[in-house]
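Work through the exercises below with the sequence and the 3D view at hand. Each task is followed by a solution in steps.

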Amino acid sequence: MQLIQLSDWLLDIAFLLYVISSIVFAVAVTGKNWAGRDPKQHEERYGRIAYWLAVIGFVAQTGYVVARWIAGGHSPTSNMFEFMAFLDYCIILAYLIIYRIYKLTSIGAFVLPLGVIMLAYSYVFPKEITPLIPSLQSYWLHIHVTTAALGEGILAVGFAAGLMYLIRTVPQHISTKSTKWLEIVLAVVLMLVGFILMDSTFARMDQKTVFEMRKEEMNAAGQMVKPKVEYILPAIVSPADSTIMKEGPMSPLFTAPTWMEGKDAARKLNTMLWSVLTGVILYGGLRLIFRKRLGAAIKPSVESVDPELLDEISYRAISIGYPVFTLGALIFAMIWAEEAWGRFWGWDPKEVWALIVWLFYSAYLHLRLSRGWIGAKSAWMSVIGFVIILITLVVVNLVIAGLHSYAGV
């Protein structure tokens, strides 16, 4: 129990340090034009402070990984809380390495907030250490999931550099297809932020809506019971063929379609609806505050960065992350699937989306190396690729049921 508490404290310390580091990075890149300050010295000074805050946070998170590994008896990657926390760990590790190579302060202003979002997302899920289900009781858990997370963490740095390239190079004085698509990408990120804020808020308020399904199911004890479904977020949509046992903050506006089988399907749909709604509200609020497109508001902070350097960082991150992801998410995953389920491939939703991610980044590398897709085309593909990863992490885990559903909420 003491090790579990220690691991929780260390993770909380890491999260706090990452938040402070993100703020200091923002000061480094946005405050360099303040009156009476040399822009280069200002950026370097605050960039070093933010970097070392991130390093200390990473050391604390390393302590969390070790303590939780010892306490649980297995690598801390067996559920969504542990996986998302470990993915954040890999993102920060990849950033620290990239920074030591390129000494580019402004990339920290994009990667660290992404790490904060991922770690905040992990807090949405149950943190308890539970015994591994039979299919997870294998040394492949350590190999498959850790390498898949490491690959995605490195690809996240490629995404951040690609996004910076687009913000730096897409003209904002006129409305074009590029400016509109860039705003859509930023809105998708805000949807994830909105979901985290909403879920964290209502989890603390403890105003759950409880539904009872009319159709009986057999429980673990072999008894036929009517299963219950708990919503943490207010109910926009109720499960089909159910009754409300406990009222929440609001009454459902409509009922989920009958084809959404499973007692958790409607809850996951409800989560997605709130994610989209809060993301749209956040995006609209920021547009009102800045009175301009978000890309235009962010652009001054990256105007001094060489676009070719950003293109190089994005490409190198993806060229390293791609083989690591291939090993972890496909090759090691298929070996483990054959060992656990007796087949290498089964078209499970998570497997399909891992294949989609792999095919997309394969196309990225092919087009870059054989067709000369550099600059804007390459940046768009690096951004879209990681958006697909986000869809896999959020939508597939929260909405689509499958053999990997043990990783859900």
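**Exercise 1.** State how many residues of domain 1 and of domain 2 are in contact, and describe the area they bury.

Solution. In this predicted model, contacts link 27 residues of domain 1 to 24 residues of domain 2. To place the two parts, take the domain assignment: domain 1 is 1-172 + 292-399, and domain 2 is 176-291. Their C-alpha centres are 25 Å apart. The size of an interface is often expressed as the accessible area lost when the parts come together. Here domain 1 and domain 2 bury about 2,300 Å² between them, with 82% of it on carbon and sulfur atoms.

**Exercise 2.** Find the phi values of K103 and R291, and decide whether each residue is buried, partly exposed or exposed.

Solution. As background, most residues other than glycine have a negative phi. K103 is not a glycine, yet its phi is positive, near 55°. K103 sits in the loop between α3 (80-102) and α4. Its relative accessible area is 48%, so K103 is partly exposed. R291 is not a glycine either, and its phi is also positive, about 55°. The loop between α7 (265-290) and α8 holds R291. R291 counts as exposed because its relative accessibility is 75%, and exposed means over 50%.

**Exercise 3.** Describe the surroundings of I232: where does it lie, and which residues is it in contact with, leaving aside neighbours within four places in sequence?

Solution. First, locate I232 in the loop between β4 (228-231) and β5 (237-238). Then list the contacts of I232 beyond those neighbours: D199, F202, A203, Q207 and K208. V210 is 22 residues from I232 along the chain, and their C-alpha atoms are separated by 9.0 Å. Last, I232 has a relative accessibility of 26%, so I232 counts as partly exposed.

Methods
Residues are numbered from 1 along each chain as its sequence is written. This is a predicted model: local features need pLDDT of at least 70, side-chain atom pairs count only at pLDDT 80 or more; totals for chains, interfaces and linings use all residues. Side-chain values use heavy atoms; hydrogens and water are left out. Helices (H or I, at least four residues) and strands (E, at least two) are DSSP runs, numbered from the N terminus. Buried means under 20% relative accessible area, exposed over 50%, partly exposed in between (1.4 Å probe, protein chains only). Contact means heavy atoms within 4.5 Å. Domain bounds come from an automatic or database domain assignment. Buried area is the accessible area (1.4 Å probe) that two parts lose on being put together, summed over both.
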